[in-house]
Amino acid sequence: MSDEAGKKRATMIIGPGQCMRIMSRKDYCEQLVQGHFRMSLISRYHSMEEDDPEIGDSQEGRRPFAGQIFLGLPSSGSIGGATSQQFWPVDAISAPASIPEADEAVVLCATLLGSGALDTWEETGRHLGKLSDSYTGFLSNQAGAPGSCYGVIFSIEEMAERLSAFAEQYGLAFFHRAVEYSDEPLTAADFARFSTGEDAALWRILFHKRYIYRNQHEYRFAILPKPGDRSGKLKSMLCGKDYLEVSVPPLKSYKLIEVCDLA
């Protein structure tokens with residue numbers, strides 16, 4: 001890099017209202033900012049874990065629930081002539097919990113970047129960037145090949161507005177937020193709180209991943225059936241594919257960069 005180009009090197013400050021989508025090809029990034037991209041069926045990641053454990057997760061869109069197995073045994077007495085039972089705790093279990101709407105969701109995944117995570121500079125007309133070490137492991141897998149890949153930095157609010165309007169047009173629900181990384185199982189108290197509204201269940205299940213995936217720093221946009229909708233509308237839109245083709249108005253606030261040194 002020339003001395004003149006080196007003077008332009010700076011740390012890009014990515015605020016809480018922005019995130020980044022990494023792709024293997026520049027034209028994919030250009031299509032995204034023009035409003036044409038794919039949202040993957042969340043179940044697509046279930047079968048990917050064995051071949052691509054950095055991205056695939058058999059528990060995607062699910063969360064463990066802590067429970068207790070009880071064994072019912074006849075008691076020594078009877079009530080009204082019928083033999084009564086006593087229940088004895090046998091073992092604790094942890095089983096995956098899910099909700100039907102979340103299982104049918106399609107998602108657009110992006111990356112939240114913290115302060116100092118991305119250095120950028122210009123060189124011979126190219127907008128270049130280098131990520132800090134805590135991001136390069138996962139993103140190099142996402143890019144599909146070592147070396148360079150491409151990224152789009154965009155406004156979370158603007159993308160949410162586009163996708164919310166798209167979902168409403170087809171009678172679907174839309175939610176977005178940062179993913180929570182935790183191995184803590186849901187409890188009976190959590191399920192009791194879910195009864196106060198569907199949103200709480202979505203936050204705790206659809207936007208949750210196991211702690212081993214914390215290096216993904218994911219921000220997730222999700223389109224799914226509205227609560228209680230069993231019409232199969234979204235499934236019919238997929239036409240048998242594991243992704244949804246989305247077309248929304250072009251983004252106005254974004255930056256395209258070439259991300260270097262993903263080895």
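Lysine 209 lies over the face of tyrosine 213, 4.6 Å from the ring centre; the criterion is NZ of Lys or CZ of Arg within 6 Å of the ring centre and within 35 degrees of the ring normal. The charged end of arginine 38 likewise sits over the ring of tyrosine 243, at 4.0 Å from its centre. The model is predicted, with local features requiring pLDDT of at least 70 and side-chain atom pairs pLDDT 80 or more, whereas totals for chains, interfaces and linings use all residues. Residues are numbered from 1 along each chain as its sequence is written, and side-chain values use heavy atoms, with hydrogens and water left out.

Rings of Phe, Tyr and Trp (its six-membered ring) were paired if their centres lie within 6.5 Å, planes under 30 degrees apart being stacked, over 60 edge-to-face and the rest tilted. Phenylalanine 154 and phenylalanine 221 form a tilted pair, with ring centres 6.2 Å apart and planes at 40°. Phenylalanine 154 belongs to strand 9 (residues 147–155) and phenylalanine 221 to strand 13, so the pair ties together parts 67 residues apart in sequence; strands (E, at least two residues) and helices (H or I, at least four) are DSSP runs numbered from the N terminus. The pair of tyrosine 219 and phenylalanine 221 is also tilted, with centres 5.2 Å apart and planes at 55°. Phe154, Tyr219 and Phe221 form one aromatic cluster. Relative accessible areas are 1% for phenylalanine 154, 9% for tyrosine 219 and 0% for phenylalanine 221, so each is buried (under 20%; exposed is over 50%, partly exposed in between; 1.4 Å probe, protein chains only).

Beyond its neighbours within four places in sequence, methionine 159 is in contact (heavy atoms within 4.5 Å) with Leu32, Phe37, Leu108, Phe154, Phe221 and Leu251.

Helix 5 (residues 156–169) comprises 14 residues and reaches 20 Å from first to last C-alpha, close to the 20 Å expected at 1.5 Å a residue, where the expected span is 1.5 Å times one less than the number of residues. Just after helix 5, glycine 171 takes a positive phi of about 70°.
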